[in-house]
Amino acid sequence: MTRRIRIFDTTLRDGEQAPGFGMTAEAKLEVARQLARLGVDVMEAGFPAASPGDFEAVRKIAETVSGPTIAGLARANEADIRRCYEAVKGAAKPRIHTFIATSPIHMQYKLRKSPDEVVKAARDAVALARSLGPEVEFSAEDATRSDWNFLVQIFTVAARAGATVLNVPDTVGYTTPKEYYDLIRYLIEHVDAPEGVQFSVHCHDDLGLAVANTLAAVEAGATQVECTVNGIGERAGNASLEEIVMALRVRHDQWGVETGINTREIYRTSRLLQSVTGVAVQPNKAIVGANAFAHESGIHQDGMLKHRDTYEIMKPEDVGVPESALVLGKHSGRAAFRARLEHLGYQLTDAEIDSAFQRFKEVADRKKAVTDHDLLAIIGEEQAHR
Ligand code: KIV
Ligand code: ZN
């Protein structure tokens, strides 16, 4: 049977935490509705204790968006957990996601707590959250810079206190695929958790390894992956949802797993997020960038016109992009030039094409991209000279 990977989207929490990505409550609700259409399994709607606005946004999403589990983030203390509960309790499937840092550097300098105090805080937080009713996820913040046996201890305590999802964040984007694979395997083998407890991963992109680390963790046995649309998030961002989902799909032969994502909604979701945040993705962004399905060089365009599979490993329609684009520029060849003219309704003889193509190359040397408007002007000039 194919293993099912759950997609935990944290665009509205970790993504929104990044400078310049703040969203109004209405914008968060609009994105939440789209995330539900996209088919995420869990959406982390916000951090209710962070501000009254975030509390309201999470409450509204919990009460009105159906389909996914709705999670809220809470530090491992009573006030945060009760606040989070009030925000998520209206959801059909609510989740409290509580966390505490476990690395020596965080425990000593940030929390000023001993490891024993941290374990106690985790136990109390999970037990309280569970007693309120929702499903509970526990995260060991900065797990990848923590002692592995301490992680085994704290995850075992959290699972026994009622957490059914154990999340292993690479909070500062420090780990590497091989190391993360080994850590996830180690935890799966050593944490003494009841049957059915899920191991989750959450990667940041400080070294550009977030997606690679996530995929390594899936290979090691993780069944929930945490990610954001367009990879937005703290500092260099989080692992990108669209890249993980399409890698798992296109290279199904490698992982043999599936997600519940309706991939045809990916592009629409990406565009919506860009429009509500006002931050565009770079043109060469994998899957959703403007150039992800655009071809300019003559050799590539010629190949594409003969068979799309020559230069495309997935169909644009599969991610909701209407069609591939053959962009006419100085690297383009005669085949794409002729195809575009035919598309515009011009059937030219070989001699006419030769002459117009020469003119096109002159224009292309001056402009980054040659538009249909330019082509019409070229044809107009050619006809005037005949
Ligand atoms: O990066 C991180 O450690 C987090 C946790 C709160 C899960 O975002
Ligand atoms: Zn994070």
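1. In this predicted model, the shell around ligand 1 is made up of Asp-14, Phe-99, Ser-139, Glu-141, Asn-167, Pro-169, Thr-171, His-202 and His-204. Two elements each give two or more residues to that shell: strand 6 (135–141) and strand 7 (165–170).

2. Sorted by class, the residues around ligand 1 comprise five polar, two charged and two nonpolar ones. Among the members of the shell are Asp-14 and Glu-141, as well as His-202 and His-204.

3. The strands form a closed barrel of eight, in the order 2-3-4-5-6-7-8-9, and the pairing is parallel. On average, and with direction ignored, neighbouring strands of this sheet are turned by 25 degrees against each other.

4. Strand 6 and strand 7, the two elements named above for the ligand shell, run parallel and are joined by three bridges. Glu-137 has Val-165 of strand 7 as its bridge partner.

5. Helix 7, residues 148–161, lies across both strand 6 and strand 7. Relative to strand 6, helix 7 runs at about 165 degrees.

6. On annotation, an unreviewed UniProt entry lists residues 5–267 as "domain: Pyruvate carboxyltransferase". In the model, the span of residues 5–267 is 47% helix and 19% strand.

Definitions and conventions
Residues numbered from 1 in each chain as written. Chains lettered and ligands numbered in written order. Predicted model: local features only at pLDDT ≥ 70, side-chain atom pairs only at ≥ 80, totals over all residues. Near = placed C-beta within 6 Å. Helix = DSSP H or I, 4+ residues; strand = E, 2+ residues; numbered from the N terminus. Nonpolar A, V, L, I, M, F, W, Y, C, P; charged D, E, K, R; others polar. Pairing = 2+ DSSP bridges. Axes fitted to C-alpha atoms, helices over the stretch in contact; angles between N-to-C directions. Contact = placed C-beta atoms within 7 Å. UniProt positions renumbered as here; feature names shortened; annotations may be inferred.
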